[in-house]
Amino acid sequence: MIDPVLMFVFPAAMALAACCDFFTMTIPNRLNLVFAALFFPAAFYIGLPFDQMALHVSAGAVMLMVGFSMFAFGWIGGGDAKFFAAVALWLGWGALAEYTIYVALFGGALTLFILFARRVPLPALLGRQEWAVRLHHYQSGIPYGIALAGAGLVIYPHTLWYKAFIF
């Protein structure tokens with residue numbers, strides 16, 4: 001009965017991160033920590049060899065450094081940097097390049113959409129919603145966690161996790 005639970009850890013983390021970032025412009029540290037920590041029991045459960053686990057850990061660590069560098073330049077938020085690293089931990093080096101391409105494409109499209117939407121007056125109904133006002137404000141950032149999560153959901157069916165739980 002644990003297979004269905006583990007199968008949905010990755011997509012559930014993607015959906016939760018996207019929703020949190022959309023409504024609050026933050027991805028909680030707790031979510032990033034739990035998501036990263038769940039990698040280890042999932043890896044043991046599917047029998048991922050230790051050398052492969054180490055490669056996954058190295059992908060997460062390197063992407064944490066890359067993410068924090070991007071955060072230091074103000075390109076992404078701190079939660080986005082940590083979430084990117086947690087996703088990299090789960091994906092490992094094998095799927096990371098494809099994931100990063102999807103992130104860039106989705107992030108670019110999301111940014112253009114939000115910048116365009118900010119030029120249009122916010123409808124009165126949404127003007128009373130704090131999250132909508134925050135998202136619509138021209139000085140707000142872009143909830144990049146949506147792009148990170150969307151890319152994760154697109155690539156998930158091609159990962160070892162999906163294959164381990166389906167077949």
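**Close-up views of a predicted model**

**View 1. Second largest pocket.** By class, nine nonpolar, three polar and one charged residues line the second largest pocket. Nonpolar covers Ala, Val, Leu, Ile, Met, Phe, Trp, Tyr, Cys and Pro; charged covers Asp, Glu, Lys and Arg; the others, Gly among them, are polar. The model is predicted: local features need pLDDT of at least 70, side-chain atom pairs count only at pLDDT 80 or more, and totals for chains, interfaces and linings use all residues. Residues are numbered from 1 along each chain as its sequence is written, and side-chain values use heavy atoms, without hydrogens and water. Ala36, Leu64, Lys82, Ala85 and Ala86 lie nearest the pocket centre. α3 (29-46) supplies the largest share of the lining, five residues. α4 and α5 each supply at least two.

**View 2. Largest pocket.** This pocket holds about 250 Å³ of space. Its lining counts 17 residues, with Phe113, Ala117, Leu122, Leu135 and His136 nearest the centre. α5 and α7 (130-136) are the elements giving two or more residues. The lining divides into 15 nonpolar, one polar and one charged.

**View 3. Helix α4 against helix α5.** The axes of α4 (residues 50-72) and α5 (residues 78-117) come within 7 Å and cross at roughly 145 degrees. Axes are lines fitted to C-alpha atoms over the stretch in contact, with angles from 0 to 180 degrees between N-to-C directions. The contact (heavy atoms within 4.5 Å) includes Leu55, Val62 and Phe71 of α4 and Ala81, Trp90 and Leu96 of α5. Its residues divide into 17 nonpolar, six polar and one charged.

Conventions:
Helix = DSSP H or I, 4+ residues; strand = E, 2+ residues; numbered from the N terminus. 1 Å grid on protein atoms, 1.4 Å probe; cavity = no way out; pocket = protein on both sides within 12 Å on 5 of 7 lines; lining within 4 Å. Points joined across faces, edges and corners; volume = space filled by probe spheres on them.
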